[in-house]
Amino acid sequence: MPRDVSSLGKLKTLSLFIVGIGKGYGIEELKDLNLLGDDEEHQHYQPDDLCNNFLSEIEISHCHSLTSLPAFRGLNAMTYLKIEECRSLQSLPDGIQYLPALRTLTIGGFSRDLVSFPFPEASGSDGEQYFVSLRELKICGWPTLRDVLPEQLQLISSLQCFTITGFPCLLSLPEWFGVFSSLQTLDIYNCQELKYLPSAEQMLRLTSLKKLNIRYCPLLQKRCRNEELHKIAHLPQGFSPLSLSSRFFLS
C-alpha cells in the first residue's frame with residue numbers, strides 16, 4: 001500500500017487496504033477518507049459511512065508491534081478479513097463476528113503471552129447475527145497455545161471450508177464437529193499431537209464433506225491408516241496416503 005492513504009483527497013474507490021508497519025501505513029488512515037464513491041450522494045458521506053458502505057477487504061499481517069485494533073463494527077461491505085502473525089496482538093477487534101457480509105476470515109498467530117485463542121464471543125445485541133455470512137475460516141495457532149479449539153466455532157454451522165493449523169496441544173477434534181453439515185473442505189496442518197478425529201457418528205453428519213487434507217500431523221496420519229480409517233471410509237473417493245510427502249488427503 002502507498003504511504004499516507006488518508007492524504008489521497010480525490011480517491012474514489014478503495015476495496016482492499018493492507019496494514020503496514022510505520023507511520024502512514026496504519027489502519028487509522030481509513031478514518032480520514034471521505035470522498036469515496038462516484039456520485040454526488042456518496043461524496044457527502046462521513047468517515048463512518050465510508051466504512052459502512054465501501055471497504056470490502058482488509059489484510060493485517062506480520063505487524064509484530066501491533067497490540068490492539070479499533071472496533072470493526074459497521075463495516076457492512078466487508079467480505080474478506082485477514083489478521084495473521086501479529087505476535088503482540090492480545091485480542092481481535094470488537095464486532096468482526098457481526099459483520100453481515102464477511103465470507104472469508106483468517107485469524108491467528110497472536111501474542112505468545114496468550115494460552116487461549118481469543119475467538120470472538122457471541123454476545124451481541126438483538127438483531128446481530130453471529131458470523132451470519134461466513135463460509136471460509138482459517139484459524140492459526142501458535143507455540144504457547146495450550147487450549148483446544150474455541151467452543152464458539154460450533155455456532156458457525158454454515159462453514160464450507162475450514163482450515164486448522166498450528167495447534168500444538170490439540171489431541172482430538174471435538175464431538176461437536178458434526179454441526180458442520182455444510183462443510184465441503186477440511187484442512188488440518190501442523191498439529192503435532194493430534195491423534196483422533198471425531199467419532200464415526202459425528203463424521204457421518206458431515207454430509208457435504210468432499211475433501212479432507214491432513215498434513216504434518218504425524219500421529220493422526222498414522223492412525224488414519226488403521227484405527228481411524230473407518231471414520232473416513234464413507235468419503236467420496238476413499239483414502240489415499242501419500243507417504244513420500246508425509247501427508248495424506250482425501251479428494
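This is a predicted model: local features need pLDDT of at least 70, side-chain atom pairs count only at pLDDT 80 or more; totals for chains, interfaces and linings use all residues.
**Strands**

Strand S3 covers residues 80-84, and four of its five residues are buried, so S3 is largely enclosed by the rest of the structure. Strand S2 (residues 57-61) runs parallel to S3, and five bridges join the two. One of the residue pairs involved is Ser61 with Glu84, its bridge partner in S3. S3 also pairs with strand S4 (residues 104-108), again in the parallel sense and over five bridges. Here Ile83 has Ile107 as its bridge partner in S4. In a regular strand, side chains alternate between the two faces of the sheet.

**Aromatic residues**

The whole structure contains 13 aromatic pairs. In one of them, the planes of Tyr130 and Phe131 stand at 80 degrees, over the 60 degrees required, so the pair is edge-to-face, with ring centres 4.9 Å apart. Trp176 and Phe180 also form an edge-to-face pair, with 6.2 Å from centre to centre and 80 degrees between the planes.

How buried are the residues of these two pairs, by relative accessible area? Buried means under 20%, and the values are as follows.

| Residue | Relative accessible area | Class |
|---|---|---|
| Tyr130 | 13% | buried |
| Phe131 | 3% | buried |
| Trp176 | 13% | buried |
| Phe180 | 0% | buried |

Tyr130 and Phe131 also belong to one aromatic cluster, together with Tyr98, Phe110, Phe117, Phe119, Trp142 and Phe167.

Methods
Residues are numbered from 1 along each chain as its sequence is written. Side-chain values use heavy atoms; hydrogens and water are left out. Buried means under 20% relative accessible area, exposed over 50%, partly exposed in between (1.4 Å probe, protein chains only). Two strands pair if DSSP finds at least two bridges between them. Rings of Phe, Tyr and Trp (its six-membered ring) pair if their centres lie within 6.5 Å; planes under 30 degrees apart count as stacked, over 60 as edge-to-face and the rest as tilted.
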